[in-house]
Amino acid sequence: DKFKTKPKDILFVDDLLAHLLNVKPLGINCFLATWGFNNEKQRKEAQEKGIILLSQDNFYDMLKDRLI
């Protein structure tokens, strides 16, 4: 409330799937950084749960239209 930010306006990028799974139910846009601390099984689970995978190659392209 302090910043008057809606969860749907937040872009949360992390390399730990557990962090993303904790905040996704709040309506926050979650992105898994595939170059970090995760493996193929976690990437698959992320995709199944609607979390977008980011690579170092597609990072900007995947986020640019979502930035204010």
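Leaving aside neighbours within four places in sequence, which residues is D15 in contact with? The partners of D15 are L32, A33, G36, F37 and N38, where contact means heavy atoms within 4.5 Å. This is a predicted model, in which local features need pLDDT of at least 70 and side-chain atom pairs count only at pLDDT 80 or more, while totals for chains, interfaces and linings use all residues. Residues are numbered from 1 along each chain as its sequence is written, and side-chain values use heavy atoms, with hydrogens and water left out.

**Two buried aspartates**

- D15 sits in the loop between β1 and α1 (17-23); helices (H or I, at least four residues) and strands (E, at least two) are DSSP runs numbered from the N terminus.
- D15 is buried but has no salt bridge. Buried means under 20% relative accessible area, exposed means over 50%, and partly exposed lies in between (1.4 Å probe, protein chains only).
- A salt bridge is a side-chain nitrogen of Lys or Arg within 4 Å of a carboxyl oxygen of Asp or Glu.
- For D15, the nearest side chain of opposite charge is R43, 9.7 Å away; here Lys and Arg count as positive and Asp and Glu as negative, with His and the chain ends not counted.
- What does the side chain of D15 reach? It reaches the backbone nitrogen of F37, at 3.2 Å. This is a polar contact, a pair of N or O atoms within 3.5 Å; within protein, one must be able to donate a hydrogen and the other to accept it, and residues adjacent in sequence count only if both atoms are side-chain atoms.
- D14 belongs to strand β1. D14 is also buried without a salt bridge, and R43, its nearest side chain of opposite charge, is 12 Å away.
- The side chain of D14 reaches the backbone nitrogen of L16 at 3.0 Å.
- Apart from neighbours within four places in sequence, D14 is in contact with H19, L20, F31, L32 and A33.

**Salt bridges**

- Side chains of opposite charge can pair when their charged atoms come close.
- How many salt bridges does a search of the whole structure find? The search finds four, and three of them are described next.
- K8 and D9 pair through their side chains, at 3.5 Å from N to O. K8 counts as exposed because its relative accessibility is 55%, whereas D9, at 42%, is partly exposed.
- E40 and R43 form another salt bridge, at 3.2 Å from N to O. These two residues are separated by about one helical turn because they are three residues apart in helix α2 (residues 40-48).
- An α-helix has 3.6 residues a turn, so residues three or four places apart point the same way.
- E40 is exposed, with 56% relative accessibility, while R43 is buried, with a relative accessible area of 18%.
- D61 pairs with K64, their closest N and O atoms being 3.7 Å apart. D61 is partly exposed at 46%, and K64 is partly exposed at 36%.

- L20 lies in helix α1 and is buried, with a relative accessible area of 0%.
- L20 and F31 are 11 residues apart in sequence, and their C-alpha atoms are 7.6 Å apart.
- Beyond neighbours within four places in sequence, the contacts of L20 include F12, F31 and I51.
- I51 is placed in the loop between α2 and β3 (52-54) and is buried, at 3% relative accessible area.
- I51 and F31 are 20 residues apart in sequence but 5.6 Å apart in space, C-alpha to C-alpha.
- With neighbours within four places in sequence left aside, the contacts of I51 include L17, L20, F31 and A46.

**Ends of helix α2 and a backbone angle**

- N39 caps the N-terminal end of α2, with a side-chain oxygen 3.1 Å from the backbone nitrogen of K41.
- After α2 comes G50, whose phi is positive, near 80 degrees.
- K4, in the segment before β1, has a positive phi near 55 degrees although K4 is not a glycine. K4 is exposed, with a relative accessible area of 74%.
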